[in-house]
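Please study the sequence and the structure before reading the solutions.

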Amino acid sequence: MKKIIYFPGLITGLLLLCAPLQAQEFRLNAEAGYFQNKGVDVMAFDDIYPEGHQAGVSIIMHGNRVATSGDLRFEPTPGQWQPVPKQLKRTPDATANTISTLLSFPDSSRHLRGFNPMIYPDFYFNYTVTVRGQGSAVVVTVDLDRPVPQEFAGKLGFNLELFPGALFGKPWIMDNQQGIFPPQANGPTLSQSSNHAHPGSFNPNPLADAGQLSGHDHGYNPIRADDIVSEPYATGKRFTVRPDDPYNKFTIETRGAELKLYDGRMNHNNGWFVVRSEIPTGVTSGAIQWVITPSVVNDWLYPAVIQTSQIGYHPAQPKVAIVELDKRDVKREKPHLYRITQDGREEVNLPAGQEWGQFLRYNYLKVDFSAVKQEGLYQLQYGPSFSSVFRIAADVYERGAWQPVLEYFLPVQMCHMRVNEKYRVWHDLCHEDDARMAPVNFNHIDGYVQGPSTLTKYQPGEVVPGLNIGGWHDAGDFDLRVESQAGESYILALAYEAFGVDYDATSIDQINRVTEIHQPDGKADMLQQVENGALSVVGAYRALGRLYRGIICNDLRQYVLLGDAGAMTDGIIGNEDDRWVFTENNPSRELTTAAHLAAVSRVLKGFNDTLSLQSLQAAREIFSVTEVPNPFIKGAKVHAATELYLTTGEKLYKDYLLSETDFIVQSLSRIGWFIARAEKAMQDPAFSKAIRGALPALREQLEKQAAETPYGIPYRPRIWGAGWDIQELGYHYYFLHKAYPEVFGPDMVYNALNFILGCHPGSNTSSFASGVGAKSATVGYGLNRADWSYIPGGVVSGTALIRPDFPELLEFPFLWQQVEYVLGGGSSHYMFLVLAARQLLQP
């Protein structure tokens, strides 16, 4: 990147002199769908996730998203549970150089309902946000269809959120006031009346309890975000962010209500800085008018980004680096590969990069150095850009590659345990008081919903015994979902079967509830972790007489706990802080869990015979009693039959699979990965002929998906980064390759692994696997996220897509859609891929 010494007066004068030669103008690019001015883009209502800082008006400056979520909100610094508008219609007009978006409050589908229910204030209105390119600025105008009522005076305003991770220690100016963005929220606080004094009634059948959500107004609760906020750092008419840096400087001028600079971390630890103008009462037309003027560096081009595996490559595997380029950059450099030795670096002959074409907003070159097999340290160069240093070595996957998942991540996530690592306590013994039966007809947080019955002999509020053992905390939320618990055990079970890993670095004592990291106990860690998941799922099944949906805290204040899981409850069974257990009728989830338990039973045989038998019994019972109401769920029944057959060899399950041959062939793209193992074991000529006849079409489908991107793997994120989906695709593909190597080559396994390890879109080339590789995600959304830290072996969700075309992986611990850890595949799929590559590359 070209360095510029910035003298504001001099630069302004030069720009005025050069204006006729290099006009700076924001124009709506009809194809891209947003405003562009050289290296600066302004997007308007392309994105869909306001509670995750992805929505409204966004600004991307010289390769970095600096501001987002420009829209009306009822709070100065809203968080995850504050009301968001409903977008009705977005109208781009290239001729008028505008994007107009019609929105409304409330979104009644989310009022006291939904995955994360919200409480909407009692004000129904529509409004339009119009963004217009005007020379070197964009003008944002907000028009309401009715004035703000007096009871919401000062409550409704236009917010623009500023990404805090890039601003700590950086300057701002508001009129004649100046300041530095602080690394922590600083007082004083401001107390004001809450919107909750005027709740709406927008849903005739609300399932969520507003009192429960708000903690019955006892102390702090994250669903109330407007009663105590930060005093604004400054108030004025003209606000400039980063006046010291032309690559990140932008100015906001208001033509109406004054600007206020807030710190959202005062009432949400994961908050952002917010610039806000309140809408005056009695005003509808032009209620907000902002002029936003970003600094545009005329000669800036996106620097070339070289994307490689951060851990390196086995000599025998394909080795392809990706070079990501500004699509305006027509110049092509020759890539260089250097071997780094004790005496310096020596260049290795390398072919020219091959044009791949455009993907998202960039152009791509592929640099194939598969012919390089000499072991050593290497680094790639393209123009002034360098890759991280990586290894080529036969032992590249032998140490510190897959092992951190077993050594750190899974032990740290264990529930109902104290987890020690020598001097360190990752968390104390937790949730000994699990769990009480959840209320009926109840819409809780995080997708937990209890229907009209508990579906068990237990009444709401009753203690369900036997739930305080086993399991892992899912992500940083500490809940135990059945799909994450059973799913994690299943992936580990298949890994143990496929690779026979008897690695032992951890002591796990389920009797005394203590886990000691790096203290071997003579038992295979992978089997101990399979057992840990089964203890929770099977124990709950036997206690309840059915599967649980999951176990989660009963209070939103508990849910946002940062730090030691042992602090969530008091450990005393049967009081108000106990977690709740939910049940559900969900045939797909139940049958999938039956499949998981059948496989778990196989690997636990000889390790924990009692739990093995109990797992198999539960799987049999679920298979026999669960109805299949539609074809999609039939896939789950086929899955359960497959694993039950592989475990028992019984005719019942084989006959069921044979009876569903037509469905299986038609659904091969979805279920082929597990059917492949059953087809091999069943040895039925007609069944095998039908399956094998459908394989070429499946191969063609997968090849088309691989060709969508330069990475040889499809990248299709929705909200979360696509890393977990890509891992799962590689995991599924491994079984196809092992069963039918003549049809499916191994490359998709390697491509999926390389994507996770750093060969992915965007400027941040970190390995998604924390602590693995030369550069990795060492700020993660785990239990220690408040410390800007990580859990080794945790695999983050990865590079997200800021719609429509900006790949982003920020170093910020509170963006769950980019840096969250999860159970049920997030890390175990990654471990499986490394072990798969290791196996496939063995001579």
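Rings of Phe, Tyr and Trp (its six-membered ring) pair if their centres lie within 6.5 Å; planes under 30 degrees apart count as stacked, over 60 as edge-to-face and the rest as tilted. The model is predicted, so local features need pLDDT of at least 70 and side-chain atom pairs count only at pLDDT 80 or more, while totals for chains, interfaces and linings use all residues. Residues are numbered from 1 along each chain as its sequence is written, and side-chain values use heavy atoms, with hydrogens and water left out.

**Exercise 1.** State which residues the ring pairs link into a cluster, and classify the pair of phenylalanine 181 and phenylalanine 273.

*Solution.* Step one: the cluster consists of Phe163, Phe168, Phe181, Trp272, Phe273, Trp788, Phe812 and Phe814. The count of aromatic pairs comes to 54. Step two: the rings of phenylalanine 181 and phenylalanine 273 have centres 4.8 Å apart and planes at 55°, and therefore the pair is tilted. Step three: phenylalanine 181 has a relative accessible area of 0% and is buried (under 20% relative accessible area; exposed is over 50%, partly exposed in between, with a 1.4 Å probe and protein chains only). Phenylalanine 273 is likewise buried, at 0%.

**Exercise 2.** Classify the pair of tryptophan 402 and tyrosine 503, and decide for tryptophan 402 whether the residue is buried or exposed.

*Solution.* Step one: the ring centres of tryptophan 402 and tyrosine 503 are 5.3 Å apart and the planes stand at 70°, so the pair is edge-to-face. Step two: tryptophan 402 counts as buried at 3% relative accessibility, whereas tyrosine 503, with a relative accessible area of 27%, is partly exposed.

**Exercise 3.** Describe how helix 4 and helix 17 meet.

*Solution.* Helices are DSSP runs (H or I, at least four residues), numbered from the N terminus. Step one: the axes, which are lines fitted to C-alpha atoms over the stretch in contact, with angles from 0 to 180 degrees between N-to-C directions, come within 10 Å for helix 4 and helix 17 (residues 828–840) and cross at roughly 10°. Step two: helix 4 is therefore roughly parallel to helix 17 (angles under 35 degrees). Step three: with contact meaning heavy atoms within 4.5 Å, residues of helix 4 including Glu488, Ile491 and Leu492 meet residues of helix 17, among them Ser828, His829 and Met831.

Conventions: Helix = DSSP H or I, 4+ residues; strand = E, 2+ residues; numbered from the N terminus. Parallel < 35°, antiparallel > 145°, perpendicular 65-115°, else oblique.
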